[in-house]
Amino acid sequence: MKGTDGRRRVVVAVDRAARQAGLYPGMALTKAQALVAGLAIHDADPKADRDGLERLAQWALRTFSPLVAVDPPDGLVMDVTGAAHLKGGEAALLDGLIQALAAQGIEARAALAGTWGAAHALARFGPGSSVITAPGEEDKCLPGLPIAALRLPGDTVHSLSLLGFQIVGDLAAQPRAPLVHRFGPDIARRLDQLFGRLNEPLDPVHLPDITEVTRVFAEPIGAPETLARYTGKLTAQICDRLDSKNLGATQLDLMFHRVDNRIEAVRIGMARPVRDAARLTRLLCDRLETVDPGFGVERMRLVATGAEPLALAQSSTLDTPGDTAGAGLSSLIDTLSNRIGAERIYRLSPAESDVPERCAHRLSPLAIENTQADIWPQHWPRPVRLFARPEPITTLGLLPDYPPRAFTWRGARHQVIAADGPERIFGEWWKRDPEIHAVRDYFRVETEAGARYWLFRSGDGEGHRTGTRGWFMHGVFA
């Protein structure tokens with residue numbers, strides 16, 4: 001894409017093929033046209049790009065993190081300290097983010113690091129589409145990155161490369177004064193931000209038309225009991241506002257604005273809309289241990305980033321008076337979800353498939369039960385623990401229709417004393433072509449130690465097209 005820099009027409013964005021041809025942002029357009037014959041050129045629209053990035057940041061704020069800021073021209077930066085647990089951990093959050101963007105037709109790379117600059121650099125120049133660095137390991141992987149990872153202007157990067165600087169480590173080893181004198185203070189500032197020597201606060205995006213409450217303090221606060229007390233007050237206020245709108249919260253973000261311009265945040269999610277101040281306060285206070293108040297918190301802000309209509313319901317006269325904080329299955333699910341991750345709390349429902357790994361799908365733990373659809377087949381028993389991927393084993397047995405007499409699994413040898421089977425399961429040829437002839441023969445076996453396992457042989461033991469004839473462990477019975 002082309003844009004203008006004063007009166008000069010310059011390249012403002014390039015794709016992968018153009019970059020491989022030697023083009024880079026900031027290059028004069030006439031020079032780019034001279035280097036690449038038939039160069040495809042499009043007019044840049046910075047305003048539309050910025051608006052699209054803002055909308056993407058608002059979507060990420062609702063879905064992944066309470067603190068999301070735009071990182072122009074093509075990125076987002078998120079603080080996931082208080083929200084990663086809701087997605088099953090940091091690795092699961094990054095993978096879910098990349099997959100969600102891919103579902104929208106956006107190819108993305110992501111990185112998790114201790115600083116904005118390090119995450120920016122690793123996401124664009126690190127190995128793989130998803131990179132996670134442990135605290136303190138940034139100094140090992142950052143010096144080897146190209147100097148373009150420092151978020152410097154394109155002409156500065158080009159000039160540094162002409163002087164022989166190729167990687168961040170080469171630049172960081174040089175005296176600061178000559179570099180600053182020649183190129184300005186940006187180089188020193190970006191290096192300090194990259195390695196965490198200079199703080200870089202986020203300017204998070206805000207959602208329009210949301211319910212929020214704020215508390216500003218005349219003197220900074222930091223004691224845990226003080227934070228918990230004002231958390232309860234903010235929760236009561238936001239419940240009153242939700243009540244006036246007939247809404248219940250499904251997701252709350254509590255942000256602590258520190259005196260050093262850093263923001264700490266925690267996020268809680270609810271399985272169903274909730275407007276119970278005591279229950280929401282308890283869930284938020286359970287997460288306060290992850291908040292670092294630093295030298296003090298000068299403002300607290302509670303935002304309902306998720307809210308749905310909440311119909312009035314008649315409570316039972318048999319309910320215990322005052323028992324509003326944790327009664328019911330919904331309260332238990334909310335507590336578990338905010339402690340171990342919402343992705344780990346689910347209900348299984350049978351699916352129309354004979355292939356074991358496809359015979360069930362996950363539902364919300366509070367999904368409405370369908371009596372007809374939730375009938376599990378009873379013709380063959382299934383193990384209580386089914387592996388996501390069958391594990392290969394080494395067997396000693398007869399072919400083609402007998403179970404193994406012994407097998408070796410995870411380095412341990414097991415002697416079989418009883419077995420039942422085979423149960424033959426055919427592949428679903430209407431879903432995948434490789435399963436047209438696929439066959440599995442399953443056996444329930446019991447070992448000398450009393451353990452019971454679910455084994456299968458790939459193929460019918462005769463034709464090569466039906467399977468590899470290898471044996472696999474697929475599940476464990478109670």
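The model you have open is predicted.

**Stop 1: an aromatic pair**

A search of the whole structure turns up 10 aromatic pairs. For one of them, select W59 and F64, whose ring centres are 5.5 Å apart. How do the planes of these two rings meet? They lie at 70°, and since planes over 60 degrees apart count as edge-to-face, the pair is edge-to-face.

Now show the surface around both residues. Is F64 buried or exposed? F64 is buried, with a relative accessibility of 5%, while W59 is partly exposed at 23%.

The charged end of K87 sits over the F64 ring, 5.3 Å from the ring centre.

**Stop 2: an aromatic cluster**

Next, select F387, F407, W409 and Y453, which together make up one aromatic cluster.

**Stop 3: two packed helices**

Finally, select residues 277-285, which are helix α12, and residues 329-340, which are helix α13. The axes of these helices are 10 Å apart, and the packing angle is about 20°. Angles under 35 degrees count as roughly parallel, so α12 and α13 are roughly parallel to each other. Turn the view to look at how they pass: the crossing of α12 and α13 is right-handed.

Which residues meet where these helices pack? Show side chains for R279, R282 and L283 in α12; they meet S330, S331, D334, T335 and N338 in α13.

Technical notes:
Residues numbered from 1 in each chain as written. Predicted model: local features only at pLDDT ≥ 70, side-chain atom pairs only at ≥ 80, totals over all residues. Heavy atoms only, no water. Phe/Tyr/Trp six-rings, centres within 6.5 Å; stacked < 30°, edge-to-face > 60°. Buried < 20%, exposed > 50% of the residue type's maximum accessible area, 1.4 Å probe, protein only. Lys NZ or Arg CZ within 6 Å of the ring centre and 35° of its normal. Axes fitted to C-alpha atoms, helices over the stretch in contact; angles between N-to-C directions. Helix = DSSP H or I, 4+ residues; strand = E, 2+ residues; numbered from the N terminus. Parallel < 35°, antiparallel > 145°, perpendicular 65-115°, else oblique. Left-handed = near helix turned anticlockwise from the far one by under 90°. Contact = heavy atoms within 4.5 Å.
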